[in-house]
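The sequence and the structure come first.

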Amino acid sequence: AQPSLHAATTLAMIEGANGDFGAAADYQAQAMFVAVRDGRQDLIESLKADLEGYRRERLPSRPWQRDHPLSSPPRLSPEKQP
């Protein structure tokens, strides 16, 4: 099964952080495939830059894309006390 765009980029970062840049590049390539398939042309350049970085055994300078769920988690609201 093909991982989602967000899952593939996260797995790429994990593999890169663990020193397995080959696996990181593979996951990043999958992320690019999903982005192209889903018409996310706005992400292609940054995904490509990260892929090239993994191929040079370098980690991305930022952890996630702007639209990644971990980049902007929902705001917490205080619980109402009875």
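What do the buried residues of helix 3 pack against? They pack against helix 1 and helix 2.

## Basis

This is a predicted model: local features need pLDDT of at least 70, side-chain atom pairs count only at pLDDT 80 or more, and totals for chains, interfaces and linings use all residues. Residues are numbered from 1 along each chain as its sequence is written, and side-chain values use heavy atoms, leaving out hydrogens and water.

## Helix 2

Helices here are DSSP runs (H or I, at least four residues), numbered from the N terminus. Helix 2 covers residues 21-37.

Buried (under 20% relative accessible area, 1.4 Å probe, protein chains only) are F21, A23, A24, A25, Q28, A31, M32, V34 and A35. Their cover includes helix 1 (5-17) and helix 3 (41-55). G39 follows helix 2, with a positive phi near 75°.

## Helix 3

Helix 3 has 15 residues and reaches 22 Å, close to the expected 21 Å. Its buried residues are L43, I44, S46, L47, D50, L51, G53 and Y54. E57 follows helix 3, with a positive phi near 60°.

## Helix 2 against helix 3

The axes (lines fitted to C-alpha atoms over the stretch in contact, angles from 0 to 180 degrees between N-to-C directions) come within 9 Å and cross at roughly 165°. Helix 2 is therefore roughly antiparallel (over 145 degrees) to helix 3.

In contact (heavy atoms within 4.5 Å) are residues including F21, M32 and V36 of helix 2 and I44, L51 and R55 of helix 3.

Methods
Helix = DSSP H or I, 4+ residues; strand = E, 2+ residues; numbered from the N terminus. Expected span 1.5 Å × (residues − 1). Buried < 20%, exposed > 50% of the residue type's maximum accessible area, 1.4 Å probe, protein only. Parallel < 35°, antiparallel > 145°, perpendicular 65-115°, else oblique.
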